[in-house]
There are 2 protein chains.
Amino acid sequence: MPVSFRKEIKDLVAYKPGKPIEDVKREYGLSDVIKLASNENPLGASPKVKEAMLKVMEEFSLYPDGNCTELKEAISKKYNVKPSEVLPSAGSDEMVDMIAKTFINHGDEIIMADITFPRYMDTARIMGGTPVLVPLKNWTYDLEGMLAKITDKTKIIWLCNPNNPTGTMFSEKALLDFLKQVPENILVIYDEAYNEFVTRDDYPKDSVQLLKDYPNVLILKTFSKMYGLASLRVGYTIASEEIISNINKVRCPFDVNRFAQAAAIAALEDQDFVKKCYDLNKRGKEYLYSEFEKLGYEYIPSETNHIMANVEKNSGEVFLELQKRGVIIRPMMSTWIRVSIGTMPQNETFIEKLKEVLAPLGGCENK
Amino acid sequence: MPVSFRKEIKDLVAYKPGKPIEDVKREYGLSDVIKLASNENPLGASPKVKEAMLKVMEEFSLYPDGNCTELKEAISKKYNVKPSEVLPSAGSDEMVDMIAKTFINHGDEIIMADITFPRYMDTARIMGGTPVLVPLKNWTYDLEGMLAKITDKTKIIWLCNPNNPTGTMFSEKALLDFLKQVPENILVIYDEAYNEFVTRDDYPKDSVQLLKDYPNVLILKTFSKMYGLASLRVGYTIASEEIISNINKVRCPFDVNRFAQAAAIAALEDQDFVKKCYDLNKRGKEYLYSEFEKLGYEYIPSETNHIMANVEKNSGEVFLELQKRGVIIRPMMSTWIRVSIGTMPQNETFIEKLKEVLAPLGGCENK
């Protein structure tokens, strides 16, 4: 009898990465390829990040500070919380996994939207939890529907606001109404990976304030999106000292690498860069809205750096045709695609290639 | 009722990092501080690593290749295995955690030495496994004792060769005799984080060959020690395709950061650097042996880049006194310390300060 694997992971599907840009170039003989598939910052990162990286460039052989002391201090100052209420992680990805290991027992029910960040479900299943899916309503979190699913077995409710991949949000009022009705023994994860891109006024402006009234809330944030540090893997959580100290027990001691720590501190300081990215994203969003409208395609108004649109053709096919033309997007269910908002020239190239792709497929001419 | 945490993590103790060098300098008013506490490479990393890092320096905002395609290829070439038999990870740390999530069910027994890498035990407990500790014999793995502990519930046996923190090894013959007696449904993890430092001839020279006869073996390796990339977090596993594909299911999709991937490929290419570090380590080891002998202190002959010695005084006290003098080592049980082998000037400073510290405590004068 050979070695056996846990039954909980039997049906998990490993992540299948897209082709690297270099492979797409080689395969199709292209010199330029634009990737608008992973919601990466098209302006890169703040120039201060490079400076910070170069400063620690000779420290290859030294383990990172296992406590992330300086990074915790920088984050705690920004949000006016204690360093002991902050826990950096190797991207949100690692934190989602650590949350599962800290909280989820076999048979616990984990409530989440049906179309949201897929790691919520995978990590619940790894720990033997039961994902309870609540369909989006008008592409938006159905908070009432989530409340209705609460049972004695509910352990965690995952909220992603604004949501990936739909880009939709719910308001501060809706969030407060929701939290009032959630029993205090249920952990509510409030994932705001994309909050820096939000343009609507009714978005929860200061989620950290929630922690005062709701100690069962955990706020999840990342440096991968607006701060442009996806390459380095760094995110963080703000929550009560009790929650933080328990998650800390399951953490790999040196999870946030030395370069990520230095880069994140520098990135946090450069709010001018954040403003510049915000403006560019808003402009790109409005441009893409207007182009989708001209093409007659439905799209979902977005509060993030990506937009979902219904191109009315099989999205897998559209994805491949765009890739051949040097534009990589993300195919979603049926005829929906998700495109990250790029620089203006990237957005224009995307629209140009999309028109090329859709025309021969019969998607554009009558619109 | 507030949120509750899993009972499995209740008694886990979070990692307590040592003071950063900068803090020690500040606290004691020192300009130079030597850290010989974490088995870091005193020569840093290959110069090729810096070149490789600078090449990807503008790619901050791009996610790493989630498949580690090029790194897998480089490793598979070096060991003459298939890329599908290789899985990079964010240091060995992350792999130890992933192994636990892939294999350990509640109640499974996990056999390990009593004095070895502590993450084997922590990750077993997180998953509800029962650590079964087998005391070292003469500071060395008691493989017979481990075999004697095998039951129907045994899921994993952890071997660290050479062992951290004792630096001791077991021979190829002993390993083969052991593997022949382990039932094939038990996973044997062979962790050779320090194998590049081994000087003895009877060490298992080519562990990858074991996989042909023993598909229940998993080989765990790291770039943190000999290759000097501890700052970046990168290690890897070589095992059967079936084992690799199952671990891959529980992996965070972008676990190995972009800079770590580039650095590891460059590091692997520079075997001259490895030779230089090997020679320096051997020389430092012989120097420290001879100094411990002169001082009349017992030490454990080491096949790694660290040595355990019995300084016959409370190790916590010796640690603090050395730290005051700008040398950071690792206090172990009772009167034992572990010191990493540094550059020759670092080794000499360590011995000089150790003599200072031990003399007034009554440890040196009569020896």
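Analyst: The structure holds four cavities of 30 Å³ or more. Here a cavity is a set of points, on a 1 Å grid over the protein atoms alone, where a 1.4 Å probe fits but cannot get out, and its lining residues have an atom within 4 Å of a point. A volume is the space filled by probe spheres set on the points, with grid points joined across faces, edges and corners. This is a predicted model, in which local features need pLDDT of at least 70 and side-chain atom pairs count only at pLDDT 80 or more, while totals for chains, interfaces and linings use all residues. Residues are numbered from 1 along each chain as its sequence is written, chains are lettered from A and ligands numbered from 1 in the order in which they are written, and side-chain values use heavy atoms, leaving out hydrogens and water.

Let's start with the largest cavity, which has about 240 Å³ of space. Its lining counts 23 residues, and those nearest its centre are Ala90(A), Glu94(A), Asp255(A), Ala90(B) and Glu94(B). Both α4 (91-103) of chain A and α4 of chain B supply at least two lining residues each; helices are DSSP runs (H or I, at least four residues), numbered from the N terminus. By class, this lining has 10 nonpolar, no polar and 13 charged residues. Asp, Glu, Lys and Arg count as charged, Ala, Val, Leu, Ile, Met, Phe, Trp, Tyr, Cys and Pro as nonpolar, and the others, Gly among them, as polar.

The second largest cavity holds about 60 Å³. Among the residues lining it are Glu40(B), Phe197(B), Cys277(B) and Asn305(B). Its lining has five nonpolar, four polar and one charged residues.

Technical notes
On a 1 Å grid over the protein atoms alone, a cavity is a set of points where a 1.4 Å probe fits but cannot get out, and a pocket is an open set with protein on both sides within 12 Å along at least five of seven lines; lining residues have an atom within 4 Å of a point.
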